[in-house]
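Keep it short and plain.

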Amino acid sequence: HAWHVLASARVLNQDFDEALKAAEESLRLYRELGNKQAEARLLKEIFDIHTQAENSSEALNTYQDSVAVSRELGDVWQQARSLSSLVRMHLDEEDPDKALEAGAEAMALYQQCEDKE
């Protein structure tokens, strides 16, 4: 947890390399503990760090990992959150078609979450 907090602090200072190091250490620990929920959430945060650092290829790899873990857990809400972050990345890259596609997928997943309530 301390590594996770450190990663967040580094992001605030826009020290993305150090934020990624701390987040990856936290991810290693979560995986070692078998904490899949925390792993899925942290992968989304690592995706966000890569996006802020304008490293879209690493962001996309991390996005895929995040969604895979969320699917494994059956966590539709986390999948939708990851897709929402992907929408923002595509908008930042001025790729509205990809943003719309990811947005439509995210909306469908959010709708699934509402239908369960």
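This is a predicted model: local features need pLDDT of at least 70, side-chain atom pairs count only at pLDDT 80 or more; totals for chains, interfaces and linings use all residues.

F47 is buried, because its relative accessible area is 1%, under the 20% cut-off. Leaving aside neighbours within four places in sequence, F47 is in contact with A59, L60, T62, Y63, S85, L86 and M89.

The largest nonpolar core has 16 residues. Those with the most contacts inside it are F47, Y63, L83, L86, M89, A102 and L109. Helices α4 (56-73), α5 (76-92) and α6 (96-116) each supply at least two residues of this core. Another core lies apart from it, with 13 residues, including A19, A23, L27 and I49.

Now look at the rings. There are two aromatic pairs. F47 and Y63 form a tilted one, with 6.1 Å from centre to centre and 55° between the planes. This pair links distant parts of the chain: F47 sits in helix α3 and Y63 in helix α4, 16 residues apart. Y63 counts as buried, at 13% relative accessibility.

The other pair is W77 with Y110. Their arrangement is edge-to-face, with 5.0 Å between centres and 65° between planes. W77 is in helix α5 and Y110 in helix α6, 33 residues apart. W77 is partly exposed at 49% relative accessibility, whereas Y110 is buried at 18%.

Helices α3 (36-52) and α5 each give two or more residues to the lining. The lining residues divide into two nonpolar, five polar and five charged.

Key:
Residues are numbered from 1 along each chain as its sequence is written. Side-chain values use heavy atoms; hydrogens and water are left out. A nonpolar core is a set of buried Ala, Val, Leu, Ile, Met, Phe, Trp, Tyr and Cys residues joined through side-chain atoms within 4.5 Å. Buried means under 20% relative accessible area, exposed over 50%, partly exposed in between (1.4 Å probe, protein chains only). Helices (H or I, at least four residues) and strands (E, at least two) are DSSP runs, numbered from the N terminus. Contact means heavy atoms within 4.5 Å. Ala, Val, Leu, Ile, Met, Phe, Trp, Tyr, Cys and Pro count as nonpolar, Asp, Glu, Lys and Arg as charged, and the others, Gly among them, as polar. Rings of Phe, Tyr and Trp (its six-membered ring) pair if their centres lie within 6.5 Å; planes under 30 degrees apart count as stacked, over 60 as edge-to-face and the rest as tilted.
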